[in-house]
Amino acid sequence: IVSGKSETSYAPNDLITRAELTKIATKAFGVEIDPAPNFTPFSDVLLTQWYAPYVISARNAGIVQGIEEGLFAPNASITRAAALKIILESAGLGEADAEATFDDVPTDAWFAGYVTYASNNGVVGGYADGSFGPGNNITRAEVAKIVVKVMELQ
């Protein structure tokens, strides 16, 4: 499901890209991948790129929408909130009724239900200061932990 940055390095503290996260989430939870898509809904996802089958299949499954109409930003870092949504949606899990689980997660935020679900099910615990950091970029180590925790729920 997850490979290293090289043959000998996993780079756990490196940030993960939107394309890398989408590949991991779709592979981990058995999202059907079209190995040779012939159309891309995103102008920045070329059909010849390694991540195209994962991103396009995730889009077709309703898991990802992109950063704005027609753009996915595959090589950009991804936030903790966006990564959690993609992982939970790929797993077929979804949201819970939003609760005030972290100081920095307003109950009316688009990601609040995902954070609540993950918190209530032991997937995320937040930071020592009581925050979740929804806008912080997520690391490869954090993604690996969250994916394993979600796999344990199934």
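Predicted model: local features only at pLDDT ≥ 70, side-chain atom pairs only at ≥ 80, totals over all residues.
1. **Pro12 and its place in the chain.** You'll find Pro12 in the segment before α1.

2. **Ala11, next on the list.** Ala11 also belongs to the segment before α1. Its phi is near 60°, which is a positive value in a residue other than glycine. Is Ala11 buried or exposed? With 13% relative accessibility, Ala11 counts as buried.

3. **Ala73, another positive phi.** Ala73 is not a glycine either, yet it has a positive phi of about 60°. Look for Ala73 in the loop between α2 (52-60) and α3. Its relative accessibility is 17%, so Ala73 counts as buried.

4. **The salt bridge.** How many salt bridges does a search of the whole structure find? The search turns up one. Its partners are Arg80 and Glu142, whose closest N and O atoms are 3.0 Å apart. Arg80 sits in helix α3 (residues 80-90) and Glu142 in helix α5 (residues 140-153), so the pair ties together parts that lie 62 residues apart in sequence. Arg80 itself is buried, at a relative accessible area of 7%.

5. **The largest pocket.** Now for some empty space. Rolling a probe the size of a water molecule over the atoms shows where such space is left. The largest pocket holds about 170 Å³ of space. Which residues line the largest pocket? They are Ile1, Val2, Ser3, Gly4, Lys5, Glu20, Lys23, Ile24, Trp50 and Arg140. By class, that lining has four nonpolar, two polar and four charged residues. Helix α1 provides the largest share of the lining, with three residues.

6. **Val2, in the pocket and in a patch.** Val2 is one of the residues lining the largest pocket, and it also turns up in a nonpolar surface patch. Ile1 and Met151 make up that patch together with Val2, and the patch covers about 230 Å². Val2 lies in the segment before α1 (18-28). At a relative accessible area of 38%, Val2 is partly exposed.

7. Thr40 is in the loop between α1 and α2, while Ser131 is in the loop between α4 (112-120) and α5. Thr40 has 22% relative accessibility and counts as partly exposed, whereas Ser131 has 14% and counts as buried.

8. Where you have a viewer open, check a few C-alpha pairs. Thr40 and Gly94 are 54 residues apart along the chain, and their C-alpha atoms are separated by 25 Å. For Ser131 and Ser90, 41 residues apart along the chain, the C-alpha separation is 25 Å.

Key: Residues numbered from 1 in each chain as written. Heavy atoms only, no water. Patch = residues over 30% accessible without salt bridge, like charges linked within 9 Å, V, L, I, M, F, W, Y side chains within 5 Å. Areas by Shrake-Rupley, 256 points an atom, 1.4 Å probe, with all protein chains shown as cover. Salt bridge = Lys/Arg side-chain N within 4 Å of Asp/Glu carboxyl O. Helix = DSSP H or I, 4+ residues; strand = E, 2+ residues; numbered from the N terminus. Buried < 20%, exposed > 50% of the residue type's maximum accessible area, 1.4 Å probe, protein only. 1 Å grid on protein atoms, 1.4 Å probe; cavity = no way out; pocket = protein on both sides within 12 Å on 5 of 7 lines; lining within 4 Å. Points joined across faces, edges and corners; volume = space filled by probe spheres on them. Nonpolar A, V, L, I, M, F, W, Y, C, P; charged D, E, K, R; others polar.
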